[in-house]
Amino acid sequence: FERINRTALGALSSKSLAFFNEGVALTVCEETGRDASETNVFPLGVDVVRKNNKENFSEGKHIKIVSIGRLTNFKTYNLWMIDVVAKLVSKGYEVTYDVFGRGDIEAEVTEKVRASDAPVFLKGTLKYSEFSRVVTEYDLFVGSGTAIIEASGLGVPAIVGIESIPEAKTYGYFSDIPGFTYNELGLNLPLLDVGNLIEDFASLSKEQKQFLGQRHVSKAELFSMEHCMSNFSHLFDSTDPLDLNLNSYSWLRYRINYVMTSIFSKLYRTSYTEKYN
C-alpha cells in the first residue's frame, strides 16, 4: 500500500500536485525535494451562501459573539474566550458569548463558565439547516475550520481561533489573513490580543461593521465550491496522465494491505491523528 503510493507520488511532476493550503505544500515539498512554487494550492470547496447576508449590527458596547463547532482539545478558544468575555464585562461592555457544539471538553468548558459567572451560554448542537439563520443574529464569530468560512460568507466578521494556542491571541480577522492557511499555530503572522480586537470592533460605526462584513464575504468566495471546481478543472487540463509501470500491482492486495495498515496504525498509535489528537 505505502510502496505503491510513494511510487505514484514519485512519478508525478510538481505541476501535477495539488494541496489545500500553503503549509502542507511546503512540508511535502521539503520532504520530497519538490519545487513548491510549481505546485497548485487551493482549498477544498465550501458551500458559501450568497443570500441572507448580515446587515444589522449591535451598536456601541453591545456585542453578540458566537462560536460553532465541536468542543475538542485543540479548539482552545472555547476556553480562553470565557476569560475574554469576563474581562470585557468588567470594563462595562454588554457582551454575550454563545457556544454551539458538543465534545470531549464540554464538561471543562461548562465548569469554567460556572466558575467565572461570565455571560457565556452553551447552546448544545446546532442543526446545519439552521446555521445561516442563527449566525446572522450575531455581531462576531470566533472559530476555525469550515465554520469560519461559512460565517464569513454570510457577512459576519470572524476572528480566527488559532488551534491549540493557550492564550487569547489571534492572527486577526479572517478577511485579513493572506492565502488559505489561517488557523494553524506557528504561522509567520503577528499575534493580536483578542480582547483588544473586540474592543476595537465595538468602536466601529454601523457602516464600518458592514464594510468589514463585506470584506469577509469576498474572502469566503475564494473558498467557494465554484472556485474549487474551476481549480480542479484547470489542474486536469494542464497535466498529463500518470504512466506507471507496476507489473506486480494487484488491486486486491492493495486494498487488503490498506486495511491492515489502518488496523496496525490504530493498535500502535502510529498515525498522526492518534499521536497528536
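Is Phe57 buried or exposed, at 9% relative accessibility? Phe57 counts as buried at this value, where buried means under 20% relative accessible area, exposed over 50%, and partly exposed in between, with a 1.4 Å probe and protein chains only. The model is predicted, so that local features need pLDDT of at least 70 and side-chain atom pairs count only at pLDDT 80 or more, while totals for chains, interfaces and linings use all residues. Residues are numbered from 1 along each chain as its sequence is written, and side-chain values use heavy atoms, with hydrogens and water left out.

The chain contains 11 helices and 9 strands; these are DSSP runs (H or I, at least four residues, for helices; E, at least two, for strands), numbered from the N terminus. Along the principal axes, the C-alpha atoms fill a box of roughly 70 × 40 × 35 Å. Of the 277 residues in the chain, 40% are buried. Contact is defined as heavy atoms within 4.5 Å. Among contacts between residues at least 6 apart in sequence, 66% join residues at least 24 apart.

The whole structure holds 8 aromatic pairs. Rings of Phe, Tyr and Trp (its six-membered ring) pair if their centres lie within 6.5 Å, and planes under 30 degrees apart count as stacked, over 60 as edge-to-face and the rest as tilted. Phe57 and Phe201 form an edge-to-face pair, with 6.5 Å from centre to centre and 65 degrees between the planes. Phe57 lies in the loop between strand 2 (40–41) and strand 3 (62–68), and Phe201 lies in helix 7 (residues 194–202), so the pair ties together parts that are 144 residues apart in sequence. Phe201 is buried, at 1% relative accessibility. The pair of Tyr128 and Phe131 is tilted, because the ring centres are 6.3 Å apart and the planes stand at 35 degrees. Tyr128 is exposed, with a relative accessible area of 53%, whereas Phe131 counts as buried at 6%. Ring pairs also link Phe174, Phe180, Tyr182 and Phe223 into a cluster.

Leaving aside neighbours within four places in sequence, Lys209 is in contact with residues including Phe57, Ser58, Pro157 and Phe201. Lys209 is buried yet has no salt bridge, and the nearest side chain of opposite charge, Asp139, is 5.9 Å away. For such charges, Lys and Arg count as positive and Asp and Glu as negative, while His and the chain ends are not counted. A polar atom of the Lys209 side chain lies 2.8 Å from the backbone oxygen of Ser58.

Lys219 also lies in helix 8 and is buried, with a relative accessible area of 8%. The side chain of Lys219 reaches the backbone oxygen of Gly179 at 2.8 Å. Lys219 lies over the face of Phe174, at 5.9 Å from the ring centre; a charge sits over a ring if NZ of Lys or CZ of Arg is within 6 Å of the ring centre and within 35 degrees of the ring normal. Lys61 lies over the face of Tyr93, at 4.9 Å from the ring centre.

Side chains of opposite charge can pair when their charged atoms come close. A salt bridge is a side-chain nitrogen of Lys or Arg within 4 Å of a carboxyl oxygen of Asp or Glu, and the count comes to 9 salt bridges. Arg70 and Asp104 form one of them, at 3.8 Å from N to O. Arg70 lies in the loop between strand 3 and helix 3 (77–90) and Asp104 in the loop between strand 4 (94–100) and helix 4 (106–116), so the pair ties together parts that are 34 residues apart in sequence. The side chains of Asp176 and Arg215 meet at 2.4 Å, N to O. This pair links distant parts of the chain, with Asp176 in the loop between strand 8 (169–170) and strand 9 (192–193) and Arg215 in helix 8, 39 residues apart. Asp176 is partly exposed, with a relative accessible area of 43%, and Arg215 is partly exposed, with 30%. Glu130, Arg133 and Glu137 are linked in a network of salt bridges.

Conventions
Polar contact = N/O pair within 3.5 Å; in protein donor to acceptor, adjacent residues only side chain to side chain.
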